[in-house]
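User: Please take a close look at one part of this protein for me. I would like the helix packing first, then its surroundings.

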Amino acid sequence: MYAPFISEDLRLRVLSLLHVGIPVETIMQRHNESVEKQGGVSNRDDLLTHRYVRIQERNIRRASCELDEDDDISIGLWVESHQNHVFFYEDFSDNDPFLLGIQTEWQLQQMIRFGSGRLLALDSRFGTNKLKYPIQSLVVFNSDNKAIPVAWIISPSFSTSGDTHRWMRALFNRVRTKDPTWKLAGFIIDNPLLDIVAIREVFQCSVLICFWRVRHAWHKNIMKRCSSMETRAKLSKALGQIVKDICKGFGAIESFDKFMEDNVNCRSFMDYFKAVWYPRMGSWITALKTLPLASQESSAALEFYHNQLKIRLLNENDYDINQRADCLINKLGTKIQAYFWLDEYEGKDDFSRYWKDEWASGLTAWRKARTIPNADIVTEGERVKVVDHVVWNPGSEYAICGCDWGEKGNLCEHVCKVIQYFREKGLGLPSISLLQYNQGLINMLKCPPANSFIRDHAVSLAVWVNEQLSAQYGKSGRNGDSDGRDEMVNSCTRMEVDAELC
Ligand SMILES: [Zn+2]
């Protein structure tokens, strides 16, 4: 299938560039320039030929995703010919719809590289309203804390709780076969109804809950359904406070009843909230009270990934991917993987096509915020102006900003910047994640003497974590991006005070 003289890495690079539409001539031109720059041929990859790239381009152009007229047969044929991309496949049965788990070799490598000893997150609802076959994505976070998809799961319908165990064990076994030492630190879910017991059983790690999807939906609808900034800020603040209270262990469904009574004038949003969210809040309340909350940075990364996948998958007027599973699977395994592969490729800036929307990736809002200097922040009464944008409810992820990104319900860099700035200056309360972490430690400190072993272990672990954070932020703190450590220090001071009161 491919020329044996070039490395797997170069083969993947050529295919990825072709998949996103870079012409053969441009690929060869850039390649020849780099060989010339290094003073001539020095390794096997330098022997890449025009003919080889042209053949690959022709193969891609001629390939059809429809291997059979019948979509179900076509999926079966695709699975047969792509065994190394499939970690799980179950055809339709009397009780269950088909379920397919895709993971390319490159995705497996990323899962090992960025997942071991770190976090894995599930984006469980992509395309549920638009695609005939919705997608669940498993992502890891790279060194910029950007999400990279390491597996996709496709099915005509995902039941609320029953599907997870079907594919999870197969994925875990695949990774462990490649690297027997691989172990997760935590698994982030975005749906309270997922099978948490199965996740804990398979991955043997803690499970965290991420609230980004709900916050995003509330935010988007507040912006859409209320025209006054003042009202938007008021509603968002009230919802944020309720969620915060719930995470701290108090607050219940009645809090939302009161919220609806107090804001009955905002009819359009209240009708939406009552119909869509109120019936679901019970399971969310249980999850928020029992599981640790994922950090704001992880939430920003998941939101960014979800938007990125939307742009990349739905950028073309592609009727087939909406209707046929074979075309969707094919696009994910070729073009979409190519975009994510190229995000990690350091030579991507040499191609002007990179600046097209669907390819350009950039930083998450949280990381972008770190590039905004503190001098660009001006306090205006209860609001804060960041660059040219006014942020209402500053210091919280329930802030409201009028920029384009914020108008669509996203956590924008202006809101993130104010959160980081407030933490750095010790002006805001620590994040819920940190409060929960501290609470966990305090609970350990309260252990009776018989359990002093556990307590001692917990304390030394906390000290170790603090040292690791200090070392990491010490390295990167030169650019003023030390908000994590500052938050830790501010919060630890509070924790010491709390502990004295125990
Ligand atoms: Zn903004």
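This is a predicted model: local features need pLDDT of at least 70, side-chain atom pairs count only at pLDDT 80 or more; totals for chains, interfaces and linings use all residues.

Analyst: Helix H9 covers residues 229–247, and helix H12 covers residues 281–290. Their axes are 7 Å apart and pack at an angle of about 55°. Angles under 35 degrees would count as roughly parallel, and 65 to 115 as roughly perpendicular. H9 and H12 are therefore oblique to each other.

Now the residues at this contact. H9 brings Val-243, Ile-246 and Cys-247. H12 meets them with Ile-285, Leu-288 and Lys-289. By class, the contact holds 5 nonpolar residues and 1 charged residue, with no polar ones.

Next, the domains. The domain assignment gives domain 3 as 212–290. Domain 2 comes in two segments, 71–210 and 294–339. The centres of domain 2 and domain 3, taken over C-alpha atoms, are 29 Å apart. Where the two touch, 9 residues of domain 2 are in contact with 8 residues of domain 3. On the domain 2 side, helix H13 (residues 296–313) supplies the largest share, with 3 residues. That side divides into 5 nonpolar, 3 charged and 1 polar.

Last, a sheet. It is open and has 4 strands, in the order E8-E9-E10-E11, with antiparallel pairing. Strand E8 (377–380) and strand E11 (400–401) stand at the edges. Each has a single partner strand, so one side of each is left without a neighbour in the sheet. E11 pairs with strand E10 (residues 389–392) over 2 bridges, in the antiparallel sense. There, Val-391 stands opposite Cys-401 in E11.

Definitions and conventions. Residues are numbered from 1 along each chain as its sequence is written. Domain bounds come from an automatic or database domain assignment. Two residues are in contact if their C-beta atoms, placed from the backbone, lie within 7 Å. Ala, Val, Leu, Ile, Met, Phe, Trp, Tyr, Cys and Pro count as nonpolar, Asp, Glu, Lys and Arg as charged, and the others, Gly among them, as polar. Axes are lines fitted to C-alpha atoms, for helices over the stretch in contact, and angles run from 0 to 180 degrees between N-to-C directions. Angles under 35 degrees count as roughly parallel, over 145 as roughly antiparallel, 65 to 115 as roughly perpendicular and the rest as oblique. Two strands pair if DSSP finds at least two bridges between them.
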